[in-house]
Amino acid sequence: MRAARSEGSCDWRPRAGRETLRLRAALKAEVRAFMDARGILEVDTPHLAPHAVPDPELSCFSVTGRRARYWLVPSPEYHLKRLLAADYGDVYSLGPVFRDDEVGFLHEPEFTLLEYYRVGWDARALAEEAAGLVAHLTGRPNRVRFIRYVDLFQEALGLDPLTVPAEQLWKAIEPEHRPVGIEPGDRAALCDFWLGTRFYPHLGERETVIVHDFPAEAAALARLDPADPRFAQRFEMVIGGIEIANGYHELADATEQALRFERDRAHRRRTGRTDVTIDPAFLAALRAGLPDCSGIAIGFDRVVLLAAGKEDLASTLAFPLAGYDLEACT
Amino acid sequence: MTTYTTNEFKSGLKIILDGDPYNVIENEFVKPGKGQAFNRVRIRNLKTNRVIEKTFKSGDTVEGADVVDVEMQYLYQDGTHWHFMHPETFEQYHAEAASMADGARWLKGEEICIVTLWNNRPLLVTPPHTVVLRVTRTDPGLRGDTSSGGSKPAELETGASVRVPLFIQEGELIKVNTRTAEYVARGKE
């Protein structure tokens, strides 16, 4: 074996303590028992796929083989929906996903996602079930508060983020804290700024908060509210200031989905991100017919973090990349 | 000029923002759901030493600052400037009062300080972590007087004042922590 060049400074030891790893393993077993008891089937979905995803704010890792180029999947969503479209019923996967450029206290480029689907359920029912699961796993009280996306803004700023001129969302930020690199007219980015840096950190101190009815512009793969198409049937779960999960009443309309993908691709080109091809198998599955269902993706490492009472994701992992000293260890 | 993207910000990186040089203290990656990612960065203004928090759109680029820390020996003060010498090149540098901040009151001469140079000009002078100075004035301590927590004010040869234990007398040498301006122990030459 080749000796490391700088043996002294390259820390080879596991980061998470034995107790944390034991807890992690126990929580995985709990998840599987929960799913088994409800007849939800665990499926091993691929980690390597021929197509990336066009999410406007997401970068996938590409992998170059000898004859083809693949992508590390950022979510098992497309594969799980193909199972749903083929009538396999409720399914879940618990495994690693990969997202480039996401490293921090709460982000790892490789992390573990628990994603599951309930056929015939709406978003609210799924949010309640998932909140119960997370409370069970983390040992926190199962007290759930639902709040609409726009009401977060109304309560804090007295502004409707969808109808006020975007500049008002900019002016509401103290001048010295206005984000560098964001245009005062960029409504979507400003909403994300408020949500991610100002609202979420204070949510869910003693309860589980479900932020729901996201604006249609941020629908992603959720269906729009048939009664009010300005909103999407999408929600996020926030506990202890941390976003734990993201769920949808799933969009089943293949035409609408293809349209959103093209809009996302155009956005990627405008903002200088890598253009990606759309997975034709996914769209074909939607055309064949996705049953009415809701799905949720739960950040498993963040659940472990809450359960273990840790502050950063890296301390829940044996070998995290965050804080990895590239220079000392090459 | 080197530029850095926000994802390359790590503790100790020097950047220029609004014309001032800053030292990155902490960089937090924030990404709400599927939305725009941000970097919430704590940075220290190297001119004023003030720490501020700035939020950047993730992936934004910022110019790097040519800032280096060099150990130099303090020579003397001429009324307006403090003079330092590089121990290897013997090159001399002079720092203005603003760069000395609170540090000047601990220096009497020959101390090795950290001089932060920006574009090769002194920006900030950090005195040694501890210095040994002579007490030039203090009241004789009264045994048993604990009303003041067992300490009394003392003036040092550089003009700085610190609180010292009651047993310290005028003319003695003491070791002082310059970061906290607190007495550490009796000092030796």
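Let's start at one side chain: leaving aside residues up to four places away in sequence, Met237(A) touches Ala127(A), Ala130(A), Ala131(A), Val134(A), Thr208(A), Ile210(A), Ile244(A) and Ala245(A). Please keep in mind throughout that this is a predicted model.

Met237(A) belongs to the largest nonpolar core, a set of 97 residues. Together with Ala130(A), Val134(A), Ile298(A) and Val303(A), Met237(A) touches the most other members of that core. Helix H3 of chain A, residues 123-138, supplies the largest share, eight residues. There is also a second, separate core of 24 residues, with Met72(B), Met100(B), Val115(B) and Ala154(B) among them. As a general background, nonpolar side chains tend to be buried together in soluble globular proteins.

Stepping back to chain A as a whole, you will find nine helices and eleven strands. Its radius of gyration is 20 Å, close to the 20 Å that the globule rule gives for 330 residues, so chain A is as compact as a globular protein of that length. The C-alpha trace of chain A spans about 65 × 55 × 45 Å along its principal axes, and 41% of the 330 residues are buried. If you take the contacts in chain A between residues at least 6 apart in sequence, 68% of them join residues at least 24 apart.

The buried residues are Glu77(A), Tyr78(A), His79(A), Leu80(A), Lys81(A), Arg82(A), Leu84(A) and Ala85(A). What lies over them? The cover includes strand E5 (91-98), strand E6 (110-119), helix H8 (280-289) and strand E11 (293-299) of chain A. After H2(A) comes Asp87(A), which has a positive phi near 65°.

Now let's cross to the other chain. Here 18 residues of chain B are in contact with 26 residues of chain A. On the chain B side, strand E3 (20-30), strand E4 (38-45) and strand E5 (51-57) each supply at least two of the touching residues. E5(B) gives the most, with four residues. By type, the side of chain B that touches chain A divides into six nonpolar, five polar and seven charged residues.

Further along chain B is a hairpin made by strands E8 and E9. Strand E8 (residues 81-85) and E9(B) pair in the antiparallel sense over five bridges, and His81(B) stands opposite Glu96(B) in E9(B). Six residues lie between the two strands of this hairpin, where Phe90(B) takes a positive phi near 60°.

Our last stop is an open sheet of five strands in chain B, in the order E14-E13-E12-E15-E16, with antiparallel pairing. Strand E14 (161-165) and strand E16 (182-186) of chain B stand at the edges with a single partner strand each, so one side of each is left without a neighbour in the sheet. From one strand to the next, the twist averages 55°. Within this sheet, three bridges join strand E12 (residues 130-138) of chain B to the antiparallel strand E13 (residues 151-156) of chain B. There, Val135(B) has Leu156(B) of E13(B) as its bridge partner.

How values were computed. Residues are numbered from 1 along each chain as its sequence is written. Chains are lettered from A and ligands numbered from 1 in the order in which they are written. This is a predicted model: local features need pLDDT of at least 70, side-chain atom pairs count only at pLDDT 80 or more; totals for chains, interfaces and linings use all residues. Two strands pair if DSSP finds at least two bridges between them. Axes are lines fitted to C-alpha atoms, for helices over the stretch in contact, and angles run from 0 to 180 degrees between N-to-C directions. The radius of gyration is taken over C-alpha atoms; the globule rule is 2.2 Å times the number of residues to the power 0.38. A residue is buried if 20 or more other C-beta atoms lie within 10 Å of its own, exposed if 12 or fewer, and partly exposed in between; C-beta atoms are placed from the backbone. Two residues are in contact if their C-beta atoms, placed from the backbone, lie within 7 Å. Ala, Val, Leu, Ile, Met, Phe, Trp, Tyr, Cys and Pro count as nonpolar, Asp, Glu, Lys and Arg as charged, and the others, Gly among them, as polar. A nonpolar core is a set of buried Ala, Val, Leu, Ile, Met, Phe, Trp, Tyr and Cys residues joined through C-beta atoms within 7 Å.
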